[in-house]
Amino acid sequence: ASHNQQGALYPHLQVDFSNSSEFFAHGFYYARRLYDELNSTGFSFDHSWCGVLLQAVKPSKLEFQQNFVAKNQWPKALIYPVTAEQSTQISGVETPYGGLFIPDGGWITPPSLVKALFAYAQSLQTFECHFNSPVTEFIEQNRSWQLKINGHLSEPYSQVIIACAEHSNTFSHSRCVPLVPVRG
């Protein structure tokens with residue numbers, strides 16, 4: 001739901017293999033499969049799976065990448081180290097930096113992707129969208145949910161998906177989820 005016109009798609013991996021790193025890796029591959037299916041079924045969006053090159057442009061990045069490579073816990077099909085020469089070849093721009101390359105990564109245009117996702121979802125099940133309708137609370141009642149929007153309760157829903165980025169844990173039902181906002 002980003003307003004950015006271009007966004008990079010790659011997993012946020014850490015040096016040490018952890019539950020969150022594994023989650024990000026699986027989430028990345030899930031997204032790629034979903035986006036490839038979306039595109040192949042005629043719901044296209046602006047993107048390129050050109051790979052993502054993470055360059056060590058400052059000492060802290062270099063240290064991170066050296067530790068990452070030394071621990072070598074991720075498959076090369078997901079991410080692998082490249083030299084400065086390989087970085088230049090991959091990017092097509094002369095660069096003095098080596099880095100890490102994620103061959104299945106790339107870029108997308110978020111507004112274009114969101115339109116394609118909504119069109120795809122509408123083709124599966126008709127639904128209504130309500131934009132600019134801030135939900136202040138949701139209430140569970142009789143195995144369904146009602147949303148409080150502008151002081152009024154909505155009709156009952158069987159499911160609620162909380163997808164409001166860094167504001168996701170502002171609801172009493174989601175405060176126990178250990179969410180950490182990340183820029184980008």
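**Close-up 1. The largest nonpolar core has 20 residues.** A nonpolar core here is a set of buried Ala, Val, Leu, Ile, Met, Phe, Trp, Tyr and Cys residues joined through side-chain atoms within 4.5 Å. Buried means under 20% relative accessible area, exposed over 50%, and partly exposed in between, with a 1.4 Å probe and protein chains only. Leu13, Phe45, Phe68, Trp74, Leu78 and Ile79 have the most contacts inside this core. Helix 1, strand 5 (99-102) and helix 4 (110-124) each supply at least two of its residues, and helix 1 gives the most, with 5. Helices (H or I, at least four residues) and strands (E, at least two) are DSSP runs, numbered from the N terminus. This is a predicted model, so local features need pLDDT of at least 70 and side-chain atom pairs count only at pLDDT 80 or more, while totals for chains, interfaces and linings use all residues. Residues are numbered from 1 along each chain as its sequence is written, and side-chain values use heavy atoms, with hydrogens and water left out.

**Close-up 2. Here is isoleucine 79 and what it touches.** Leaving aside residues up to four places away in sequence, Ile79 touches Leu13, Phe68, Trp74, Leu100, Phe101 and Ile102. Contact means heavy atoms within 4.5 Å.

**Close-up 3. Three strands make an open sheet in the order 3-5-4, with antiparallel pairing.** Two strands pair if DSSP finds at least two bridges between them. Strand 3 (52-55) and strand 4 stand at the edges with a single partner strand each, so one side of each has no neighbour in the sheet. From one strand to the next, the twist averages 35°. Strands 3 and 5 pair over 4 bridges, and leucine 53 has phenylalanine 101 of strand 5 as its bridge partner. Helix 2 packs on the sheet, touching strand 3, strand 4 and strand 5, and its direction makes about 60° with that of strand 5. Axes are lines fitted to C-alpha atoms, for helices over the stretch in contact, and angles run from 0 to 180 degrees between N-to-C directions.

**Close-up 4. Look for aromatic pairs: the structure holds 12.** Rings of Phe, Tyr and Trp (its six-membered ring) pair if their centres lie within 6.5 Å; planes under 30 degrees apart count as stacked, over 60 as edge-to-face and the rest as tilted. Phenylalanine 17 and tryptophan 74 form a tilted pair, 5.0 Å centre to centre with 45° between the planes. Phe17 sits in the loop between strand 1 and helix 1, and Trp74 in the loop between helix 2 and strand 4 (80-82), 57 residues apart. Phe17 is partly exposed at 43%, whereas Trp74 is buried at 9%. Phenylalanine 138 and tryptophan 145 have ring centres 5.4 Å apart and planes at 65°, so this pair is edge-to-face. Ring pairs also link Tyr35, Phe45 and Trp49 into a cluster.

**Close-up 5. Now for the 2 salt bridges.** A salt bridge is a side-chain nitrogen of Lys or Arg within 4 Å of a carboxyl oxygen of Asp or Glu. Lysine 71 meets aspartate 16 at 2.5 Å, N to O. Lys71 lies in helix 2 (residues 59-71) and Asp16 in the loop between strand 1 (7-9) and helix 1 (19-40), so the pair ties together parts 55 residues apart in sequence. Aspartate 36 and arginine 32 have their closest N and O atoms 3.0 Å apart. Both lie in helix 1, 4 residues apart, about one turn of the helix. Asp36 is partly exposed at 32%, while Arg32 is buried at 12%.
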